[in-house]
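Welcome! Here is a short tour of a structure that may be new to you. Have a look at it first, and then read on.

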Amino acid sequence: MRVSDAAECYEKHSDALVRFAASQVGWADADDVVSTAVVGVLSARGREVHDMRAYLYRAVANASARHWRGADRRRRREEAFALPEALGPSSETGTELDVLAALADLSVQQRAVVHLTYWEDLTPTAVAQRLGVSDGTVRRQLARARQKLRTVLDVER
């Protein structure tokens with residue numbers, strides 16, 4: 001992999017990568033996740049990369065998973081010592097909270113597939129190429145995500 005190829009691909013797709021990261025971790029942390037992923041890609045030596053765009057998306061997906069693992073560890077530590085009254089009210093409505101909670105409850109790969117399918121309007125084949133997985137994996141993860149969202153949100157088909 002040439003660093004110049006990665007840098008050029010990043011410049012071309014940085015906005016889309018940030019939107020993708022935002023669908024995984026939220027807007028507040030999206031830039032940091034993308035930065036972490038790109039630094040990791042640029043520091044990788046000796047790897048042969050055939051599709052740099054897919055490689056960058058996969059790196060962002062992996063950085064998102066690391067982000068959530070770290071956030072979960074922090075949350076558990078903070079909850080162990082937090083007082084109930086210190087947790088203030090939320091500004092979102094009940095429905096928005098339900099949707100956000102349902103999306104947050106999906107796996108990183110399921111959120112990635114949902115984002116690329118619905119917000120970037122990609123076909124399962126294009127999503128598979130972007131994430132570096134098989135078409136079957138995309139279809140399976142999308143079906144699981146839809147079912148979980150239907151169940152959690154109690155949506156009739």
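**A buried arginine and its surroundings**

Arg130 is buried, since its relative accessible area is 7%, under the 20% that marks the limit for buried residues. Please keep in mind that this is a predicted model. The notes below begin with the chain as a whole and then visit a few places in it.

**The chain as a whole**

- The protein chain has 7 helices and 0 strands.
- Followed along the sequence, the elements give the pattern α-α-α-α-α-α-α.
- Of the 157 residues in the protein chain, 35% are buried.

**A salt bridge**

- Side chains of opposite charge can pair when their charged atoms come close.
- How many salt bridges does a search of the whole structure find? The search finds 1.
- Arg130 and Glu120 form a salt bridge through their side chains, with 2.8 Å from N to O.
- This pair links distant parts of the chain, as Arg130 sits in helix α6 and Glu120 in the loop between α5 and α6, 10 residues apart.
- Is Glu120 buried or exposed? Glu120 counts as buried because its relative accessibility is 18%, and the buried class covers values under 20%.

**Helices α5 and α6**

- Two packed helices are described by the angle between their axes and the distance between the axes.
- Helix α5 spans residues 108-119 and helix α6 spans residues 124-131; their axes come within 10 Å and cross at roughly 130°.
- The two helices, α5 and α6, are therefore oblique to each other.
- Their crossing is right-handed.

**The loop between α5 and α6**

- Asp121 lies in the loop between α5 and α6.
- Most residues other than glycine have a negative phi.
- Asp121 is not a glycine, yet it has a positive phi of about 55°.
- With a relative accessibility of 66%, Asp121 counts as exposed, the class for values over 50%.
- Thr123 is also found in the loop between α5 and α6, and at 47% relative accessible area Thr123 is partly exposed.
- From C-alpha to C-alpha, Thr123 and Asp135 are 9.5 Å apart in space, while in sequence they are 12 residues apart.

**A nonpolar surface patch**

- Which residues form a nonpolar patch on the surface? They are Val99, Val152 and Leu153, and together they have about 200 Å² of accessible area.
- Leu153 belongs to helix α7, which covers residues 135-153.
- Leu153 counts as partly exposed, at 30% relative accessibility.

Terms used
Residues numbered from 1 in each chain as written. Predicted model: local features only at pLDDT ≥ 70, side-chain atom pairs only at ≥ 80, totals over all residues. Heavy atoms only, no water. Patch = residues over 30% accessible without salt bridge, like charges linked within 9 Å, V, L, I, M, F, W, Y side chains within 5 Å. Areas by Shrake-Rupley, 256 points an atom, 1.4 Å probe, with all protein chains shown as cover. Salt bridge = Lys/Arg side-chain N within 4 Å of Asp/Glu carboxyl O. Helix = DSSP H or I, 4+ residues; strand = E, 2+ residues; numbered from the N terminus. Buried < 20%, exposed > 50% of the residue type's maximum accessible area, 1.4 Å probe, protein only. Axes fitted to C-alpha atoms, helices over the stretch in contact; angles between N-to-C directions. Parallel < 35°, antiparallel > 145°, perpendicular 65-115°, else oblique. Left-handed = near helix turned anticlockwise from the far one by under 90°.
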